[in-house]
Amino acid sequence: MSFFLFSVLAGIGLAAPFGIAGAMVADAALAHNRKRMQLTLLAAVSGDTLMATLSSFAEVFIKDLINQYANLWCLLGGFAFITLGVSFAY
């Protein structure tokens, strides 16, 4: 239960809109009225909080999945880094 509460609080605290949501908030702030900006910001924060809440429900399942296939994840991660390094070389 403490992980759930921590996830929700982290989602609320770190819900500053980045990426597309940040662009939408900036557009609403600069080109439109204040009410639209506040509603867009509320939607971005709510979405991030909902994502943190849902991910906390699946935390045990994801943790077990990662532990069960740890060697495979390491192998795939190593392959991804090698592929990324080779692609940067060319």
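A contact means heavy atoms within 4.5 Å. Among contacts in the protein between residues at least 6 apart in sequence, 60% join residues at least 24 apart.

This is a predicted model, where local features need pLDDT of at least 70, side-chain atom pairs count only at pLDDT 80 or more, and totals for chains, interfaces and linings use all residues. Residues are numbered from 1 along each chain as its sequence is written, and side-chain values use heavy atoms, without hydrogens and water.

pLDDT is the predictor's confidence in each residue, from 0 to 100. Its mean over the protein is 77, and 76% of residues reach 70 or more.

The protein has 5 helices and 0 strands. Helices (H or I, at least four residues) and strands (E, at least two) are DSSP runs, numbered from the N terminus.

| Element | Mean pLDDT |
|---|---|
| helix 1 (residues 2–13) | 68, the lowest among the elements |
| helix 5 | 87, the highest among the elements |

Of the 90 residues, 13% count as buried. Buried means under 20% relative accessible area, exposed over 50%, partly exposed in between (1.4 Å probe, protein chains only). The protein exposes about 7,200 Å², with 75% supplied by carbon and sulfur atoms. Areas come from the Shrake-Rupley method with a 1.4 Å probe.

F61, I62, I66, Y69, L72, W73, L75 and L76 make a nonpolar surface patch of about 810 Å². Helix 4 (59–68) and helix 5 (70–89) each give two or more residues. Helix 5 supplies the largest share, 4 residues. Y69 lies in the loop between helix 4 and helix 5. Y69 counts as partly exposed because its relative accessibility is 38%. Nonpolar side chains (Val, Leu, Ile, Met, Phe, Trp, Tyr) are joined within 5 Å, like charges within 9 Å.

Terms used
Patch = residues over 30% accessible without salt bridge, like charges linked within 9 Å, V, L, I, M, F, W, Y side chains within 5 Å. Salt bridge = Lys/Arg side-chain N within 4 Å of Asp/Glu carboxyl O.
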